[in-house]
Amino acid sequence: MRPTRPAPASLIAALVLCASATPGCSPSQQTQLRAPVRAAAHVLAAEVTDVPAGKLATTLRAGCPVPPERLRLIRVNHWGFDGKVHRGELIAHGDAVAPLLHVLERAFGARFPIRRMRVMAEYRGDDAAAMAADNTSAFNCRPVTGDPGKLSRHAWGLAVDINPVENPYVDVRGKVHPTAGRAHLRRDPARPGMITEDGVVATAFREVGWHWGGTWSHPDYQHFSADGG
């Protein structure tokens, strides 16, 4: 999956595009390239690397559809609900890196708040626990929440969930995930951290050709994916 528009026009984006398996980048370049981290806190300061084994514990299992060498660890700054800048981490497929950085840069520039951004190994791969903690995450080799017979696009690292409490998921049985998200099923007026159709997050994802679960008949307001799954 490649963005329909160029990723952020910066050195960070140029390096990430190479790390995302753009033709002409050798395997050694894809492994070694990482974006420069600036000292100032009020920049995205993106860094993209291979994923240390410990950060895949309990989330990468036998039979998963993507091997670890196709995944990347993304470290970025993000604004929190406290009005301060925090350092966060996501694991995603290499092909998802450039689109995700485009979105994260737009969100950072708009000071869109993200509660926390931790890899799923910190929650032992437990999606319910991560959602209850309002954690923003991407890769996790797991089935669809509320539909255990179907593998989630998160298992490929080609989907991301953002602020699950403020952006809950209503499954095919009508159950709200997480439970605390029920208070946010009413989408108007929009509140901090809430994703709306014309807001910065949904707009940035449309710019890179990703799809929003908030438009589904069973809405998944937290969910964006490369192919609509």
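Visitor: Which residues have the most contacts inside the largest nonpolar core, and how many residues does this core have?

Guide: In this model, which is predicted, the largest nonpolar core has 34 residues, and those with the most contacts inside it are L101, V160, V201, F205, W210 and F224. The elements that give two or more residues to this core are β2, β3 (85-93), α3 (97-109) and α5 (200-207), and the largest share, 7 residues, comes from α3.

Visitor: Why are C64 and C141 called a disulfide?

Guide: The cut-off for the two cysteine sulfur atoms is 2.5 Å, and the sulfur atoms of C64 and C141 are 2.1 Å apart, so the pair counts as a disulfide. By this rule the count comes to 1 disulfide.

Visitor: Why is the disulfide of C64 and C141 called left-handed?

Guide: The torsion about its S-S bond is about -120°, and therefore the disulfide is left-handed.

Visitor: How do you know whether C64 and C141 are buried or exposed?

Guide: A residue counts as buried under 20% relative accessible area; C64 has 16% and is therefore buried, and C141, with 9%, is buried as well.

Visitor: What makes H42 buried or exposed?

Guide: The cut-off for exposed is over 50%, and H42, with a relative accessible area of 53%, is therefore exposed. H42 is found in the loop between α2 (27-32) and β1, and, not counting residues up to four places away in sequence, H42 touches W79, V85, F108 and R111.

Visitor: What is the volume of the largest pocket, and which residues are the closest to its centre?

Guide: The largest pocket has a volume of about 360 Å³, and of the 22 residues that line this pocket, the closest to its centre are V144, T145, Y169, W216 and D220. By class, the lining has 6 nonpolar, 8 polar and 8 charged residues, and β7 gives the most to the lining, with 3 residues.

Notes:
Residues numbered from 1 in each chain as written. Predicted model: local features only at pLDDT ≥ 70, side-chain atom pairs only at ≥ 80, totals over all residues. Heavy atoms only, no water. Buried < 20%, exposed > 50% of the residue type's maximum accessible area, 1.4 Å probe, protein only. 1 Å grid on protein atoms, 1.4 Å probe; cavity = no way out; pocket = protein on both sides within 12 Å on 5 of 7 lines; lining within 4 Å. Points joined across faces, edges and corners; volume = space filled by probe spheres on them. Helix = DSSP H or I, 4+ residues; strand = E, 2+ residues; numbered from the N terminus. Nonpolar A, V, L, I, M, F, W, Y, C, P; charged D, E, K, R; others polar. Contact = heavy atoms within 4.5 Å. Core = buried A, V, L, I, M, F, W, Y, C linked by side-chain atoms within 4.5 Å.
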